[in-house]
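Student: I am new to this structure. Please show me how to read a few of its features.

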Amino acid sequence: MTQPRADTALAAPRARFRRRRRTKVPYNKREALTGYLFISPWIVGFLIFTAGAMIYSLVISFSHYNLATNTATPAGLDNYAQLFSDPRVATALGNTLFYAVLAVPLEITVALSLAALLNQAGRGAGFFRTIYYLPKMTPAVATAAVFFLLLNGNTGAINRFLRIFGIEGPQWLVDPSWIKPSIVLMTLWGVSGTMVIFLAALKNVPRELYEVAELDGAGPIRRFRNITLPMISSAIFFNVIVLSIAAFQVFDQAYLLFWRDQSNSSPEASLFYAIYLFQQAFRQFNFGFAAAMAWLLFVIIMIITAIQMKFGNRFVYYEGGDKN
């Protein structure tokens, strides 16, 4: 008689447990409210300083805005028409595009090379990672001051080093043909942020794949091409997009090297789009035209990013074994 009573006593809890599993857990509004409260500072900041600023800039791009009197008169499409009639806009866009095409591949190559070296480091790897990352922590003004001395065509350390091998270095900061490469060199100084992403991706590549490839007789170059590159292709894809967006917004390097004295004698080869936008907004106080320039840049970046997402995503390896 004891066994049936035990089964009967357990039957009711088991039935309630099965019913509880079948029913969906109700939506907890209190937990959702708590989550929104935690992220509310970010939401408020985004709505005011990002979304609100973008909407406001779009509005004033159709007007002649006067900052001193805080008044705006309707301009229609005049500011956007000026984008196509102002030759300096085309010059700034051309310089920016040239810089992006030159800088992004070099940054990817240098960052991946440094990450591969650090990935092979044994003892003292943490020390070398710190040393390689320190340039990222250097203030932009200090970096510009150092490169202003390094790139001096007559007394700079780079040209002095080239003279050891009988090479006469160029006038980096004077010759229009070498101005953008000099800015790229300064950009490569802070490539350690990209390097860290590549290093993390390399650490996640399974060692078993290399061991099997070595047993099959694959050399280092073949292992890198057939194993490393496919396995870190998602990191490469991400860095290409991020660096491309940053390249079209380049400002600090060129401004600190060429435009900080607020003179109009700086070479046109150093006039990038963000610098010309800055001049129109905060020197000419032509905020309507500057806002139109900002929205043109936004559209260009969106188009380039969409193209990269469309075609570049085909070369990204996913763990399922298929390319998206």
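Tutor: Helices (H or I, at least four residues) and strands (E, at least two) are DSSP runs, numbered from the N terminus. Residues 97–118 are 100% helix and 0% strand, and the end C-alpha atoms of the span lie 32 Å apart. This is a predicted model: local features need pLDDT of at least 70, side-chain atom pairs count only at pLDDT 80 or more, and totals for chains, interfaces and linings use all residues. Residues are numbered from 1 along each chain as its sequence is written, and side-chain values use heavy atoms, with hydrogens and water left out.

Student: How is the packing of H13 and H14 described?

Tutor: Two packed helices are described by the angle between their axes and the distance between the axes. Helix H13 (residues 252–259) packs on helix H14 (residues 273–282) at an angle of about 65°, and their axes are 9 Å apart. H13 is therefore roughly perpendicular to H14 (65 to 115 degrees counts as such).

Student: Which residues make the contact between H13 and H14?

Tutor: Contact means heavy atoms within 4.5 Å. H13 contributes Ala-254, Tyr-255 and Trp-259, while H14 contributes Ile-275, Phe-278 and Gln-279.

Student: Is Pro-230 buried, exposed or partly exposed?

Tutor: Buried means under 20% relative accessible area, exposed over 50%, and partly exposed in between (1.4 Å probe, protein chains only). Pro-230 has a relative accessible area of 26%, so Pro-230 is partly exposed. Pro-230 is found in helix H11 (residues 220–231).

Student: Which residues does Pro-230 touch?

Tutor: Not counting residues up to four places away in sequence, Pro-230 touches Arg-225 and Tyr-317. Pro-230 and Tyr-317 are 87 residues apart in sequence and 5.6 Å apart in space, C-alpha to C-alpha.

Definitions and conventions
Axes are lines fitted to C-alpha atoms, for helices over the stretch in contact, and angles run from 0 to 180 degrees between N-to-C directions. Angles under 35 degrees count as roughly parallel, over 145 as roughly antiparallel, 65 to 115 as roughly perpendicular and the rest as oblique.
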